[in-house]
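Here are a few exercises to work through with the structure open. Try each one yourself before reading the solution.

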Amino acid sequence: FRFKKNKHIKDLNIQFTGLTKLPKSLKRNQNLEVLFVGNNPIKFRKNDFKRMSNLKALNLYNVRTSTLPKSIGKLENLEELDLYYNDLKFLPKEVCELPKLKTLAVANNQLWNLPEEISKMPNLQTLYAHHNRLNTLPNLPSLKLLDIGYNLFKVFPEQVYQLKDLE
């Protein structure tokens, strides 16, 4: 795929296309706000998300990745990040540096823990972390929705009791 510079594309769905890398030319589309690249076996390069700062929603559902590039932290307007069905064993702290992130979906991965920095995410409202290997939780921000089912907790995490806005 090649994308010419375009000021009109805001939403782009390139799921199930067989892509193995994100097209570098995606960065030319400065108004891109929603990007779905799920269900492709993507191998990320370190600068894949650089200059994509207008993205509000990023779907990396089942891209079969075990790591994310640090440049994911450059998505300063990102509100929704879908990482369902991957092979992540850890979540990079750069994800916790996304100032506007409201929804983080990391379910169905291989996560043993969540980064301590998650507590400093002021806008995070929804966390889907079910079907992982979590056995502890860090302090969490003021969430409205939390799904931690199907993990390895031996006792109910006390951090959940502190979530006053949990619905």
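## Exercise 1: Fold and overall size

Work out which secondary structure elements the chain holds and how its size compares with the globule rule.

Start by counting elements: this predicted model has seven strands and zero helices. Next, walk along the sequence, and you get the pattern β-β-β-β-β-β-β. Now for the size: the radius of gyration is 16 Å, close to the 15 Å given by the globule rule for 167 residues, so the chain is as compact as a globular protein of that length. Finally, look at the extents: along the principal axes, the C-alpha trace spans about 50 × 25 × 25 Å.

## Exercise 2: Contacts and surface

For the charges, tally 27 positive and 16 negative side chains, with the centres of the two sets 12 Å apart.

## Exercise 3: Into the core

Which residues touch the most other members of the largest nonpolar core?

Begin with burial: 49% of the 167 residues are buried. The largest nonpolar core has 46 residues, and the ones touching the most other members are Leu-35, Leu-58, Leu-81, Leu-104 and Leu-127. Now zoom in on Leu-58: setting aside neighbours within four places in sequence, its contacts include Leu-35, Phe-49, Ile-72 and Leu-81. Glu-80 and Asp-82 are also among the contacts of Leu-58.

Key. Residues are numbered from 1 along each chain as its sequence is written. This is a predicted model: local features need pLDDT of at least 70, side-chain atom pairs count only at pLDDT 80 or more; totals for chains, interfaces and linings use all residues. Side-chain values use heavy atoms; hydrogens and water are left out. Helices (H or I, at least four residues) and strands (E, at least two) are DSSP runs, numbered from the N terminus. The radius of gyration is taken over C-alpha atoms; the globule rule is 2.2 Å times the number of residues to the power 0.38. Buried means under 20% relative accessible area, exposed over 50%, partly exposed in between (1.4 Å probe, protein chains only). Lys and Arg count as positive and Asp and Glu as negative; His and the chain ends are not counted. The place of a charge is taken as NZ of Lys, CZ of Arg, CG of Asp or CD of Glu. A nonpolar core is a set of buried Ala, Val, Leu, Ile, Met, Phe, Trp, Tyr and Cys residues joined through side-chain atoms within 4.5 Å. Contact means heavy atoms within 4.5 Å.
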